[in-house]
Amino acid sequence: RSIGLFMLRVYTGYLTPNDYGIFSIVTSITGFLGMFYLLGLNGAVSKYYYEYEDDEVLFKKFIGTIITTIVIISLILTIFLFGTHKIILDKFIKGISFYPYMAIGLLTVGFSTLFPIYQSILQMQHKAEKYALQQFSVFLVTLLLNIVFIVVIKLGVIGQLLSALIVSIIAFIYAFVVFTKFTKWKINKKIIVRSMKYSMPLVPHSLAGWISTLSDRIILNNLKSTSLVGIYNVGYQFGNIINMVATAVNSSFIPWFFGIM
């Protein structure tokens, strides 16, 4: 999560305020869309993991149901948003072209679904070292790609967006291969209904979180300019240090809490 802070010197040195503003807007919108791609089902993994872990067959059905549902939702949503972007998305990205910026962002969020589920499973299993190693690997690859695309090739904000897309594709393939080894790609009606009953009420909660932390960039872009959003986001990175610490503590608390409950 600290990659934005570590890369700030590169971003401010090689990207214009307008470039950085575009990246901020795209990531804000993809953060919003990501909630509908997952529908809170990653929370259902945390909630029900300990109920299914002792039954290997049932556990495979549980995880298989979750990931199959998410992949189907992701595919449908991505196709829908590409087809209707002029009616829906373009209204929220004033002054920003859908192609290539938002298009790359949509593909990124589409491929960013399976890896968080796998990370949630590692979290529930208290495999902190493996969890951290994977997170660091994502950071390192993203860092290297950003340096190549932004500093060496000088692709600007497109390079920054492409870095995120490439990493999300790699993480998706990795999670896909891992899941294929211990689960079946099939939806169990009883399990998905139960999971949805828990996860769907989490969506409004997630939306409230997005409104309080990310919607400001879209509002600022519509009222002022994309360049101003870029400058604003630089300052936001420093304030976000507190959030990084809070998120780390929360990541430790969740599996402990659900295990006891």
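V152 first. In this predicted model, V152 has 59% relative accessibility, so it counts as exposed; the cut-off for that is over 50%. Where does V152 lie? In helix α8, which covers residues 128-152.

V152 also belongs to a patch. I147, V148, V152, I153 and L155 form a nonpolar patch on the surface. Together these residues have about 390 Å² of accessible area.

Now backbone geometry. Some background: most residues other than glycine have a negative phi, and most peptide bonds are trans. Here are some exceptions.

Take K154. Its phi is positive, about 60 degrees, and K154 is not a glycine. K154 is in the loop between α8 and α9, where α9 is 157-182. Is K154 buried or exposed? Its relative accessibility is 57%, so K154 counts as exposed.

Next, H126. This is another residue other than glycine with a positive phi, near 60 degrees. H126 is placed in the loop between α7 and α8, with α7 at 114-124. H126 has a relative accessible area of 52% and is therefore exposed. Keep the cut-off in mind: exposed means over 50%.

Last, the peptide bond. Which residues does the cis peptide bond join? Y99 and P100, with omega about 5 degrees. P100 is found in helix α6, residues 98-111.

To recap. The nonpolar surface patch includes V152, and V152 is in α8. H126 sits in the loop between α7 and α8, and K154 in the loop between α8 and α9. The cis bond is at Y99 and P100, with P100 in α6.

How values were computed: Residues numbered from 1 in each chain as written. Predicted model: local features only at pLDDT ≥ 70, side-chain atom pairs only at ≥ 80, totals over all residues. Heavy atoms only, no water. Patch = residues over 30% accessible without salt bridge, like charges linked within 9 Å, V, L, I, M, F, W, Y side chains within 5 Å. Areas by Shrake-Rupley, 256 points an atom, 1.4 Å probe, with all protein chains shown as cover. Salt bridge = Lys/Arg side-chain N within 4 Å of Asp/Glu carboxyl O. Helix = DSSP H or I, 4+ residues; strand = E, 2+ residues; numbered from the N terminus. Buried < 20%, exposed > 50% of the residue type's maximum accessible area, 1.4 Å probe, protein only.
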